[in-house]
Amino acid sequence: MGGFLLAAVALMAVTVLLLLRPWQRRHADDAATTREINAGIYRDQLRELDRDLAAGTIVSADHRQAQAELQRRLLDDTALADMPATRTVNPHRTAMLLTFAVPLLATALYAWLGTPAALQASAAPPKQFSSTEIDQMLSTLAARLEKNPDDAKGWTVLARSYRALGRLEDARNAFARIGESLNRDPVLLAEYADVLAANAGGSLEGKPLELAMAALRLDPDNGMALSLAATAAYKRRDFRQAALHWEHLLKQVPPDSDDAKWLVKTLAEIRDPNALPTAVMQASAPMPRAAAGVSGSVSLAPALAARTLPSDTVFVFARAAEGPRMPLAVQ
């Protein structure tokens, strides 16, 4: 808010200074009278007559006659009283008027056409909703959608909200109610695939993979769909296809990001003839019961959580404590 006001005041000050510049100049012509102006004109005309005579364009008789006529007219004009050549304007009054009128007019126009309330709103911190309030809002939205089942946008909001809250069963049901518009949106298709895979314990085969591939047909650069397709290919030991998807994904992420570093390292391990058989052996060998599952919780730091959206996705990779760094499971 403070920055906006300072910028607005600075702009108005610059505007006023630019408008006042013409009124701050003092020209010699401001004090010119009608007599002085006419005398200058006649002097120019007399010099022109002298040049014509010297050039031979007029004869001496015509020159004397024209010169006498100019002198007579000059005497007639100088007999008149001095009069200002231009209408007198009080520069101080004009300057004062501009100084006050411009800021007042600008403020009035902003109050009429702008959004002054946004200045106060931007200064206030965003409202934090409790989990109970969020559940109540979602319940209200779900009840309204049951009465209006063709509201695709409403089902989309509900599905993404459930997904962000980890209510995966509810998210799956809401995604299924979006309708035909889901099949035209690659982002929604990838999110739906991710929800189905999560409900299936991380398995991407079947419907989740079909949705991911449909998303890639609509948008070959969709990051989530590329990641899901690569993970599915890797799990079925199709390392060549997994590498193709991860190579494509590598082009979409920032070069210096952690995602890019992980992708580069994973692709190097896939292409390593010594690491690949080990990875296949590890993927096919039965895991000890003590390592059959991984439990825990994932949370975001408050500063990061404030910048996230309901549509954001968090991928959790499980890797072996020793051996290749390629993921053994993805959630």
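Trp246 is buried, with a relative accessible area of 2%; buried means under 20% relative accessible area, exposed over 50% and partly exposed in between, using a 1.4 Å probe and protein chains only. This is a predicted model, in which local features need pLDDT of at least 70, side-chain atom pairs count only at pLDDT 80 or more, and totals for chains, interfaces and linings use all residues. Residues are numbered from 1 along each chain as its sequence is written, and side-chain values use heavy atoms, leaving out hydrogens and water.

Let us step back for the overall view. The protein chain has 15 helices and 2 strands; helices (H or I, at least four residues) and strands (E, at least two) are DSSP runs, numbered from the N terminus. Of its 331 residues, 26% count as buried. Contact means heavy atoms within 4.5 Å, and among the contacts in the chain with a separation of 6 or more, 53% come from residues 24 or more positions apart.

Now back to the aromatic rings. A pair of aromatic rings is described by the distance of the centres and the angle of the planes. Rings of Phe, Tyr and Trp (its six-membered ring) pair if their centres lie within 6.5 Å, and planes under 30 degrees apart count as stacked, over 60 as edge-to-face and the rest as tilted. By this rule the count is 4 aromatic pairs. Tyr234 and Phe239 form an edge-to-face pair, at 5.2 Å centre to centre with 75° between the planes. Tyr234 is buried at 9% relative accessibility, and Phe239 is buried with a relative accessible area of 9%. The ring centres of Trp246 and Trp262 are 5.5 Å apart and their planes stand at 85°, so this pair is edge-to-face. Trp246 belongs to helix α12 (residues 239-250) and Trp262 to helix α13 (residues 258-271), so the pair ties together parts 16 residues apart in sequence. Trp262 also counts as buried, at 17% relative accessibility. Ring pairs link Tyr234, Phe239, Trp246 and Trp262 into a cluster.

In the loop between α11 and α12 you will find Arg237. Most residues other than glycine have a negative phi. Arg237 is not a glycine, yet its phi is positive, at about 70°. Arg237 is partly exposed, with a relative accessible area of 44%.

Next, look at how two helices meet. Helix α10 (residues 207-218) and helix α11 (residues 223-235) pack at about 135°, with their axes 9 Å apart. Axes are lines fitted to C-alpha atoms, for helices over the stretch in contact, and angles run from 0 to 180 degrees between N-to-C directions. That makes α10 oblique to α11, since angles under 35 degrees count as roughly parallel, over 145 as roughly antiparallel, 65 to 115 as roughly perpendicular and the rest as oblique. On the α10 side, the contact is made by Leu209, Ala212, Met213, Ala215 and Leu216, and on the α11 side by Ala225, Leu226, Leu228, Ala229 and Ala232. Helix α11 also holds Ser227, which is buried with a relative accessible area of 9%. Not counting residues up to four places away in sequence, Ser227 touches Leu249 and Phe315.

Our last stop is Leu46 in helix α2 (residues 34-55). Leu46 is partly exposed, at 22% relative accessibility. Leaving aside neighbours within four places in sequence, Leu46 is in contact with Gln67 and Leu70. Leu46 and Gln67 are 21 residues apart along the chain, and their C-alpha atoms are separated by 6.7 Å.
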